[in-house]
Amino acid sequence: MTAWAKEMKVEGTMIKFLADTRSELTKALGLQLTAAGPMKDLGNPRCKRFAMYVDNGIIKVFNVAEKGPLGEEDPAGDDFPEVSCIDNMLKEIKAL
């Protein structure tokens, strides 16, 4: 995670990259990717694509990329990741 933070140029900032190696948080949040298509390609259990803004331990914005703008199924969030991308997150945080 440290190498990823360094590559993203956020090392040492308020942004924290956290690993969930045993999927404990993934399961607790109900974000375990179980769709047959993506899991056939990915193998090991994975987490759905999501973005979360937490302020003083309170989840303020929580977006899961699993559907397209017209309700299209996208279980891995690869085709329609926009809800979890920075532009959307900043818009939603600003609206708080």
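Helices (H or I, at least four residues) and strands (E, at least two) are taken as DSSP runs and numbered from the N terminus. By that rule Leu42 belongs to helix H3. Residues are numbered from 1 along each chain as its sequence is written, and side-chain values use heavy atoms, with hydrogens and water left out. The model is a predicted one, in which local features need pLDDT of at least 70 and side-chain atom pairs count only at pLDDT 80 or more, while totals for chains, interfaces and linings use all residues.

Confidence is given as pLDDT, the predictor's own score for each residue on a scale from 0 to 100. The protein chain has an average pLDDT of 91, and 100% of the residues score at least 70. Among the elements, the lowest mean pLDDT, 80, is that of helix H3 (residues 36-42), whereas strand E4 (residues 58-64) has the highest, 97. Leu42, in helix H3, has a relative accessible area of 35% and is therefore partly exposed, where buried means under 20%, exposed over 50% and partly exposed in between (1.4 Å probe, protein chains only). Between the C-alpha atoms of Leu42 and Glu73, which are 31 residues apart along the chain, the separation is 18 Å.

The next topic is open space. The largest pocket holds about 1600 Å³, a volume being the space filled by probe spheres set on the points, which are joined across faces, edges and corners. Its lining consists of 29 residues, of which Ile15, Lys16, Phe50, Ala51 and Met52 are the closest to the centre. Helix H2 (24-28), strand E3 (50-55) and helix H4 (86-94) are the elements that give two or more residues to this lining, and the largest share, five residues, comes from E3. By type, the lining divides into 23 nonpolar, two polar and four charged residues.

Which aromatic rings pair with each other? Rings of Phe, Tyr and Trp (its six-membered ring) pair if their centres lie within 6.5 Å, and planes under 30 degrees apart count as stacked, over 60 as edge-to-face and the rest as tilted. The count by this rule is two aromatic pairs. In one of them, the ring centres of Trp4 and Phe17 are 4.8 Å apart with the planes at 85 degrees, so the pair is edge-to-face. Trp4 lies in helix H1 (residues 2-7) and Phe17 in the loop between H1 and H2, so that the pair links distant parts of the chain, 13 residues apart. Trp4, at 48% relative accessibility, counts as partly exposed, and Phe17, at 23%, counts as partly exposed too. The rings of Phe50 and Phe62 have centres 5.8 Å apart and planes at 65 degrees, which makes this pair edge-to-face. Since Phe50 is in strand E3 and Phe62 in strand E4, the pair ties together parts that are 12 residues apart in sequence. Phe50 is partly exposed at 29% relative accessibility, as is Phe62 at 35%.

The cysteines come last. With a disulfide taken as a pair of cysteine sulfur atoms within 2.5 Å, the count comes to zero. The sulfur of Cys47 has its closest cysteine sulfur in Cys85, 15 Å away, which is too far for a bond. Cys47 is partly exposed, with a relative accessible area of 31%, and Cys85 is partly exposed at 36%.

Terms used:
On a 1 Å grid over the protein atoms alone, a cavity is a set of points where a 1.4 Å probe fits but cannot get out, and a pocket is an open set with protein on both sides within 12 Å along at least five of seven lines; lining residues have an atom within 4 Å of a point. Ala, Val, Leu, Ile, Met, Phe, Trp, Tyr, Cys and Pro count as nonpolar, Asp, Glu, Lys and Arg as charged, and the others, Gly among them, as polar.
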